[in-house]
Amino acid sequence: MEKIGGLPPPLQETRQLLGSLVPSFFRDERGALALEKIPAKSYSEFHAWLSHQAEMNDGKSFRDPYRDLLEDREFAPLLRAIYEGNASPSLTSLANQFEDTFIRIDPDRFVSERFSSREGRSRLRHLLSGKGASNPGIAADLAKSVARVAEQEKTASELEIHWVTGKISLWNYWNLGLSPKDIGDAADGAVGILNSSDFFFDQQDLRANKEGLQWEFVSLLEDPQTGLPALSPEEFQKYLSCSSQRPSAIPSSRLQSLASELIVVLANNRYWDGAKVPDQAGAMRVRALREIREIFQLAGQVDSPETLQVLNERLRNYFQGSLGEGDLGDKIRHLAIGHGWEELFQDLPGEQRKAFQDFKRLSDSYHFSAEMGETLRFEFPQGPAGELAQGLDSAKHQLWYQYKQHKALSRGLSQIAKHGADQGDIQDIEHGARFFDHLIESLHTGALTQKKAGDIQDFLYEAFRPGGVLSKAYQAAEMDGGEQLLSLVQTCLEMVAIAAATEGLGLSGELAEVGQGLNRISRMESFAQGAWVGFGRGATLSLSENALAVASGEVRQGPETLSSWVKDAVATGGAMSLSNGVQRTFLQQPQVQQGLMQNLIARYSRGVWKAARHFSADTALEFTEEALDQYSRRVLDGNTQALSRAELEETFAVTLAGGGLQQGVQGGLNHGFAFDPIYPPILKAAGGLCVWALPAIQNDGNGDSLASLFLGLASAGMIAMTGEMGRGEKAGEDEIDVRFQAYLAQDPNLRGELESGSLTETQLRPYLERHAALRGHSADIAKFDSIAMQGLTEGLKAFRSLPWTPEMKVQALAILLEAWAKDRKEAPDYFEKIYGVFVECQLRLGDLNWDETRKYEFLRHIAAHGDSNLVYTFEIIANVLQRNSQDWTTEGMASIFPGESRGDGIPF
């Protein structure tokens, strides 16, 4: 039906709010919902479509507050009136109530979307003035958000911002204990900030107009080396003129337009007077001007995807590099503290910073689109059809840019799904991209003309409906709840891999010993030990996350410098030190020592009450850790502003949806963990799949070789889980083993005790102390777990059933004690695994015509892996040996394990 355009102002505001929840194709020039572009056949169809768009575009993960708002029956008359064009003023009150609820969901988002326009700031002033009496809570939220956004945009003084935050603390999320006077004063201060912002933008516009007319108003930058202008006034005017023209979507035109905007900002001193800039900012600006002017000239020569890719790679290198002199010392400084493009622009007001951010975003979108196999267009139709085609093309590139923000694990799985089953996120986005290409091509050939614009709207509308091709594409590119959960799983996998590596290398024990030395009071000692281990684990996790993101080409905000990595490590380490210390000291752990998964399952399955308690405690602790991590990083960047309420709510939703998974894994790691027998074959299969998939992924031209990264994770986990990392022996340890075996063999009572299996804890203690002393550990083993002693004793008792000589049993005892020395916490697990390997392997070795030395060396190789699942691998090898030869030489045995020489002539 025909819709009436003359809606009363309150309903027009509602239409403006709705515009922020739909793609740009469905908005008018003011950003409001364009009803004429939504060809819904009924109100119910319109309402369902709008709710779906709100769910996709709300920027939330595990909650849908905007969709829930639209589906609230109370507001159905308002939405129906907007659809039907009903101009009834009786809905004014309902429209105001809808706006209040909309603002309350995320005040910061509401303010930031209006702050940069004069019309938007006027609306904010009106709301601050009117809500003080009718809805003080909304006025308080708006005042805090105005202060927060103004500080980010740097359009107001610190004094003006402090006036607001002094009346209403940013930490007072629910505006508790505020008087009407406090709220009124804060609202007045926020209005003052908006007025200052008006003046700020007015001055910019005034100066820009003067500069466009009279070159003598331009205060140009001088080259510090020559003292001459870095840019002539005439050349400046050329770039100023180019920046004011509307560019086409052709890459060369867009690059030149954005380059000219950036040149104008770099060359004019008025943008830099009074701004906080790095040391040597003048020289940095001169070099940046030189680089961007070069890009501007070369962009005019771009006429194909190949020349564009070469130019864009040069541009990306500029953006990621230093703005110093370019020598080795400057490169080292850039790695350590930055002084590149990001540092140069990060403290400028938003309007000037936007010129750099837009240029970098365009460059990244071109790069990621080309990486995923897209061909960039260089021809578009003329007129309105061309503008629509350009918008569609830009949306296609934006999809790939959003996809690149996903975590490495998510993209790795998507690559495997695409190549293995023709489905997944990549496939959905590719289908959406081809749909855009089809529309653009139809516009280019005239099959869809401006007279048939309704057809285009119908196509877009259908494609964005639930299950439509663009709906699937946008959902695949969005960081929704599924992506957040995969990010959590990736973090947990990295935690496990890091823990396995540190356990295998003995680092975990060293960290724990340092923690024990911090305090000798029982509970404080436990907290200090947990905090120290948590800090080390968190810092390592942060470094691995950063390295993973860089290696996989993930979209990164901010500069890649040593300084930024250190800040991340300190923030994450500090947050995990608190959570790990609290968990180890105050949260009860399940007494399960079978494996990490058993520990995790036991944590949430031992009775309803215990499971609920662990779930609640872990979720609360994870939320505290994540919030502290975010805020610590913000403070290290020089911003002490509190996190917004919307940020905290989203963090809580993520941690709640994760069910305390990360803290559950942390608890399993703290309690001691082993890897279940099923893990190695799964990881080997995953590694093999990645090896198979990697060439295909690299050869299809998209460059998103995340399978190699996935393979690295799988390999690292597999190596750690099979004990290879535990073989990092120190120099001289083989000699220690020989000395200890000799010590055992000299004991006259040992042979009989081993034969009868009657060793007791008292009889074992001297051997434990002797071995610990030889390896440099403290001989005091008073804290040695009695369960470990019991496991060792029971394992030795079972030796009676083995047809081994006493000498073989002496050597077996040495291997068991070596396993105990690796990590005393895991001794029972090592004993159980190695004993099982010994039993199974000895039975199979009995059929081989080997002497005792060869059998022992083979057992030693299998036992060093510390995982009984390798018995099945041994069974296959033993069958091969049995079938091919009865008398294998050392060289023949080495051929089974090529490249695994121990350095002493023995191939194991």
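**A covered helix and a nonpolar patch**

Helix α8 is mostly covered, since 13 of its 18 residues are buried (buried means under 20% relative accessible area, exposed over 50%, and partly exposed in between, with a 1.4 Å probe and protein chains only). The model is predicted, so local features need pLDDT of at least 70 and side-chain atom pairs count only at pLDDT 80 or more, while totals for chains, interfaces and linings use all residues. Residues are numbered from 1 along each chain as its sequence is written, and side-chain values use heavy atoms, with hydrogens and water left out.

Helices are DSSP runs of H or I with at least four residues, numbered from the N terminus. The expected span of a helix is 1.5 Å times one less than its number of residues. For the 18 residues of α8 this gives 26 Å, in agreement with the 26 Å between its end C-alpha atoms. Just after α8, Lys154 has a positive phi of about 60°.

Within α8, which comprises residues 136-153, lies Lys144. Lys144 counts as buried because its relative accessible area is 6%. Leaving aside residues up to four places away in sequence, Lys144 touches Val164, Ile168, Ser169, Leu170, Asn172, Tyr173 and Asn175; contact means heavy atoms within 4.5 Å.

Leu335, Leu562, Val566, Val570 and Leu636 make a nonpolar patch of about 410 Å². Helix α26, residues 562-586, gives the most to this patch, with 3 residues. Leu562 lies in α26, and Leu562 counts as partly exposed because its relative accessibility is 47%.

Definitions and conventions:
Helix = DSSP H or I, 4+ residues; strand = E, 2+ residues; numbered from the N terminus. Patch = residues over 30% accessible without salt bridge, like charges linked within 9 Å, V, L, I, M, F, W, Y side chains within 5 Å. Areas by Shrake-Rupley, 256 points an atom, 1.4 Å probe, with all protein chains shown as cover. Salt bridge = Lys/Arg side-chain N within 4 Å of Asp/Glu carboxyl O.
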